[in-house]
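Hi,

Here is the structure I said I would pass on. Have a look at it first, and then read my notes below.

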Amino acid sequence: MPKPVFFYSNTFLKYDMGAQHPMKPERLLKTFELLKSYGVFTEAIELAEPTPATAEEVLQTHAPDFLAALEKVSSGGRVAQIHRYGLGGGDNPIFRGMYDSALLYTGGSLDAAQAVMDGAKVAFNIAGGLHHAHYDCAAGFCVLNDCAVAIRRLRQKYGRVAYVDIDVHHGDGVQELFYDDPTVLTISLHESGRTLFPGTGFVNETGSKGGEGYSINLPFAPYTTNDVWLEAWRTGVLPLLRAFEPESILLQLGADAHLRDPLAHVCLTTQGWIAAVQDVMALNVPIVAVGGGGYNMTTVPRMWALATATLAGLTLPDDVPTSYAYRSDMPTLTDHFDVEIPAKEQSKVEAFAEESVSEIKKRLFPVFGLSK
């Protein structure tokens, strides 16, 4: 069987929305360098160069006029009412070369999907996971929806594909693009849309037409901790994922549910988050793993490196190698502190999660023949 494949290029760093933008391309470089310091790119994991997606591949997911507008403005051209395409605002400022950069990160996810289809048990594209992009517009730092493009590639071989999203923000773009498709199960664990962008992802968003029951959302209250998050995932959602019996999985590894992330309010640690990754891995089906959100430069590299190693079947020493240039900022892969929240908040997050799970069981367990 082919080795796990990790797609990476420093050209990924050109997807750069500016010094003041929260999504820093350095998080990709720091993750790559951390993994390299552990020496994983030798016998354990194959390192490969990504290839840009073609316009034809992207047009299976995105509107032609949107792609044309993106290409024009990224080379300095002008497009009337460009904001209707989600471009030019604070979330998605236009920069020179944006079109080519988006094609490259999307191509990385396509390459990872193809590697899995060719026999790899797992393939990685940490530059991907940009799950907010819609059919005809960019949104939430995401220009092209590489997740959806890669899922369409996986569907060329696999009859049932599951999308599992553990980013703290709802995977709205992916859900929307497969909302009526029963061959793609979309799952998103996220902070509630009541308190966080994009304001969607409620339990009653379950799909439409033939896809009714194949969109699963597990929203959480702010300050949710590991135990509550994992219990809700394992009792409310994981049974549905198992019942779907996916033939492959696209796993979106957004690292922004960590308590130190500046853009959200969920209080996970690295250990709690990685436990869900281990649960997905235990299903023993081919996995395409992509990046996603994550805006703290000392947590994201650790979480993605740990997820990469875990999915590749490696156990890395917790102490980061002394050769790693940023070791002083992140001396260990895992967190070494306890998370405590006030008892009043704890009761709130528990009640919120219990309500979410109860509603999921009522609405979706019968679809998959599961008892409540």
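What follows is a quick tour, from the whole protein down to a few residues.

One thing to keep in mind is that this is a predicted model.

**The overall picture**

The protein is built from 10 helices and eight strands. Its radius of gyration is 19 Å, close to the 21 Å that the globule rule gives for 372 residues, so the protein is as compact as a globular protein of that length.

As for the inside, 60% of the 372 residues count as buried. If you take the contacts between residues at least 6 apart in sequence, 77% of them join residues at least 24 apart.

**The aromatic rings**

I found 13 aromatic pairs in the structure. One of them is Phe 66 with Tyr 85, a stacked pair with 6.2 Å from centre to centre and 25° between the planes. Phe 66 sits in helix α3 (residues 64-74) and Tyr 85 in the loop between α3 and α4 (98-117), so this pair ties together parts that are 19 residues apart in sequence. Both Phe 66 and Tyr 85 are buried.

Tyr 324 and Tyr 326 are arranged in another way: their ring centres are 5.5 Å apart and their planes meet at 70°, which is over the 60 degrees needed, so the pair is edge-to-face. Tyr 324 is buried, with a relative accessible area of 3%, while Tyr 326 has 28% relative accessibility and counts as partly exposed.

There is also a cluster to look for: ring pairs link Phe 6, Tyr 8, Phe 12, Phe 32, Phe 41 and Phe 124.

**A spot in helix α4**

Last stop: Ala 115, which you will find in helix α4. Its relative accessibility is 14%, so Ala 115 counts as buried. What does Ala 115 touch, leaving aside its neighbours within four places in sequence? The answer is Val 5, Phe 7, Ala 120 and Ala 123. The C-alpha atoms of Ala 115 and Lys 3 are separated by 9.7 Å, although these two residues are 112 apart along the chain.

Cheers

Conventions. Residues numbered from 1 in each chain as written. Predicted model: local features only at pLDDT ≥ 70, side-chain atom pairs only at ≥ 80, totals over all residues. Heavy atoms only, no water. Helix = DSSP H or I, 4+ residues; strand = E, 2+ residues; numbered from the N terminus. Rg over C-alpha atoms; globule rule 2.2 N^0.38 Å. Buried < 20%, exposed > 50% of the residue type's maximum accessible area, 1.4 Å probe, protein only. Contact = heavy atoms within 4.5 Å. Phe/Tyr/Trp six-rings, centres within 6.5 Å; stacked < 30°, edge-to-face > 60°.
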